[in-house]
Amino acid sequence: MAVIIMTAKEVTQRVFNKQELFLLDVRNENAFQDWKIEGQNFEYLNIPYFDLLDGVDEILDQIPTNKEVLIVCAKEGSSIMVAEMLSEAGRDVSYLQGGMKAWSEYLEPVKVGELKDDGAIYQFVRIGKGCLSYMVVSNGEAAIIDSTRMADVYTTFADGIGAKITNVFDTHLHADHISGGRTIAEKTNATYWLPPNDATEVTFDYQPLEDGNSVTIGNTTIKIDALYSPGHTIGSTSFVVDEKYLLSGDILFIDSIGRPDLAGLAEDWVGDLRETLYKRYRELSDELIVLPAHFMIIEELNDDGSVAKKLGTLFVENHGLNVADEEEFRNMVTGNLPPQPNAYQEIRETNMGKISPDEERQREMEIGPNRCAVR
Amino acid sequence: MNSDKVLDAKGLACPMPIVKTKKAINELQYGQVLEIHATDKGSKADLVAWSNSGGHELLQSTEENGVLKFWIKKG
């Protein structure tokens with residue numbers, strides 16, 4: 001029987017379309033428990049490849065024959081080995097090309113909306129890690145917000161639609177993933193904007209992004225308005241694009257809110273977070289469509305794979321926006337914090353330009369899920 | 001640390017370090033120690049989990065200049 005190669009893009013389509021898939025994850029148990037491919041109609045079986053070296057006969061009755069079967073490992077080598085063994089046993093199975101390494105890096109561009117005068121805004125869904133980044137396009141110019149480490153994806157995409165990248169923004173100093181912002185700005189001669197309160201220790205030149213700053217993309221004035229919104233980090237800044245979209249960074253998500261402790265300052269920043277979510281955001285239009293920098297659970301995806309919802313809806317539905325009592329809010333945010341992302345301190349130092357790990361190390365630092373939210 | 005056998009798995013990618021380790025351990029007597037040299041970073045977590053599930057004992061592991069070394073006592 002055939003061994004089929006499945007790409008991260010093909011798996012992403014199955015996630016978006018809520019298709020069924022049976023995943024045989026052959027990584028060790030801890031790696032599987034920590035982080036796996038999530039899909040609403042996915043089924044899982046975790047058996048480490050090293051328990052299958054003598055053969056797959058014992059697990060054959062656990063592998064369905066009426067469903068697509070995908071074998072997954074860290075880099076792909078072990079999944080190929082197991083796929084070949086299952087194939088010899090008469091099964092049609094696929095393996096994930098590039099393994100979880102490829103899954104962690106894959107970005108799916110989804111158009112989330114039109115802007116005036118033929119402009120558009122795209123969301124790049126990093127499906128394996130839950131990171132969301134954005135490209136705002138207008139009249140041949142593009143801006144990128146919260147880019148991931150995979151800088152080529154954005155430059156290639158911009159080339160493909162005939163747009164020149166002129167401005168690159170990070171809403172805050174990221175601790176969960178390595179920013180590609182500086183690399184893209186250097187490659188394209190674009191301006192790189194960072195909130196100065198988050199950038200006190202950076203080792204490179206940047207344009208300070210301050211409350212009330214307005215940047216125009218294209219000559220049709222798609223305006224990006226900066227809104228100072230501390231709480232996740234002291235410098236966290238949101239953007240209002242074309243008076244229609246609220247890019248909320250790591251402050252507000254669809255089903256949760258940002259956690260304020262990645263630099264170890266939860267107690268200090270919880271007040272800022274409260275002020276941002278309960279005062280500054282309340283003054284904005286309910287009609288704004290919130291585009292966050294993360295999703296935490298696969299249920300937050302819309303049917304087209306995008307992650308977006310009206311601010312007015314979130315004020316009703318998002319638990320984190322509905323805690324009337326300040327003390328209760330404080331307890332919710334600072335108590336029961338999820339574990340900090342893998343290597344978050346090293347990631348921050350990389351984003352500040354203090355250290356420059358090689359690509360292999362950068363990849364390793366980012367492995368795993370993101371843990372930026374409190375629910 | 002003393003060992004009864006040394007396995008050079010440097011430059012090999014997953015799953016080969018474990019495949020070779022399993023083979024080499026099979027050739028040892030109970031209580032003997034296998035020393036493994038590997039460069040695949042992922043092999044560390046897998047060797048720990050494999051040793052546990054197979055009843056072997058990981059006595060020590062070191063990392064120097066990108067080379068991971070493991071000492072596993074056959075159980």
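Reader: B:Asn65, buried or exposed?
Author: B:Asn65 is exposed, with 5 other C-beta atoms within 10 Å. The cut-offs, using C-beta atoms placed from the backbone: buried is 20 or more other C-beta atoms within 10 Å of the residue's own, exposed is 12 or fewer, and partly exposed is in between. Note that this is a predicted model: local features need pLDDT of at least 70 and side-chain atom pairs count only at pLDDT 80 or more, while totals for chains, interfaces and linings use all residues. Residues are numbered from 1 along each chain as its sequence is written, with chains lettered from A and ligands numbered from 1 in the order in which they are written.

Reader: Where is B:Asn65 found?
Author: In the loop between strand 3 (57-64) and strand 4 (67-73) of chain B. Helices (H or I, at least four residues) and strands (E, at least two) are DSSP runs, numbered from the N terminus. The C-alpha atoms of B:Asn65 and B:Ala24 are separated by 24 Å. Those two residues are 41 apart along the chain.

Reader: OK, chain B overall. In what order do its elements run?
Author: β-α-β-α-β-β, from the N terminus on. That is two helices and four strands.

Reader: Why call chain B as compact as a globular protein of that length?
Author: Its radius of gyration is 11 Å, close to the 11 Å from the globule rule for 75 residues, so chain B is as compact as a globular protein of that length. The radius is taken over C-alpha atoms, and the rule is 2.2 Å times the number of residues to the power 0.38. The C-alpha atoms fill a box of roughly 30 × 25 × 20 Å along the principal axes. Of the 75 residues, 31% are buried.

Reader: What share of the contacts in chain B comes from residues 24 or more positions apart?
Author: 63%, counting contacts with a separation of 6 or more. A contact means C-beta atoms, placed from the backbone, within 7 Å.

Reader: At what angle do helix 1 and helix 2 of chain B cross?
Author: Roughly 35°. Helix 1 (residues 16-26) and helix 2 (residues 43-54) of chain B have axes that come within 10 Å. Axes are lines fitted to C-alpha atoms, for helices over the stretch in contact, and angles run from 0 to 180 degrees between N-to-C directions.

Reader: Which residues make that contact?
Author: From helix 1 of chain B, B:Pro17, B:Ile18 and B:Thr21. From helix 2 of chain B, B:Ser43, B:Asp46, B:Leu47 and B:Trp50. By class, that gives four nonpolar, two polar and one charged. Nonpolar covers Ala, Val, Leu, Ile, Met, Phe, Trp, Tyr, Cys and Pro; charged covers Asp, Glu, Lys and Arg; the others, Gly among them, are polar.

Reader: Switching to the interface. How many residues of chain A are in contact with chain B?
Author: 15, against 13 residues of chain B. Helix 2 (29-34) and helix 3 (77-88) of chain A each give two or more residues to that side of chain A. That side has seven nonpolar, four polar and four charged residues.

Reader: Now the seven strands in chain A. What order do they take?
Author: 6-7-8-9-10-11-12, in an open sheet with mixed pairing. Strands pair if DSSP finds at least two bridges between them. Strand 6 (108-115) and strand 12 (207-208) of chain A stand at the edges with a single partner strand each, so one side of each lacks a neighbour in the sheet.

Reader: How many bridges join strand 6 and strand 7 of chain A?
Author: Seven, in the antiparallel sense. A:Leu115 has A:Gly119 in strand 7 of chain A as its bridge partner.

Note on methods. Two residues are in contact if their C-beta atoms, placed from the backbone, lie within 7 Å.
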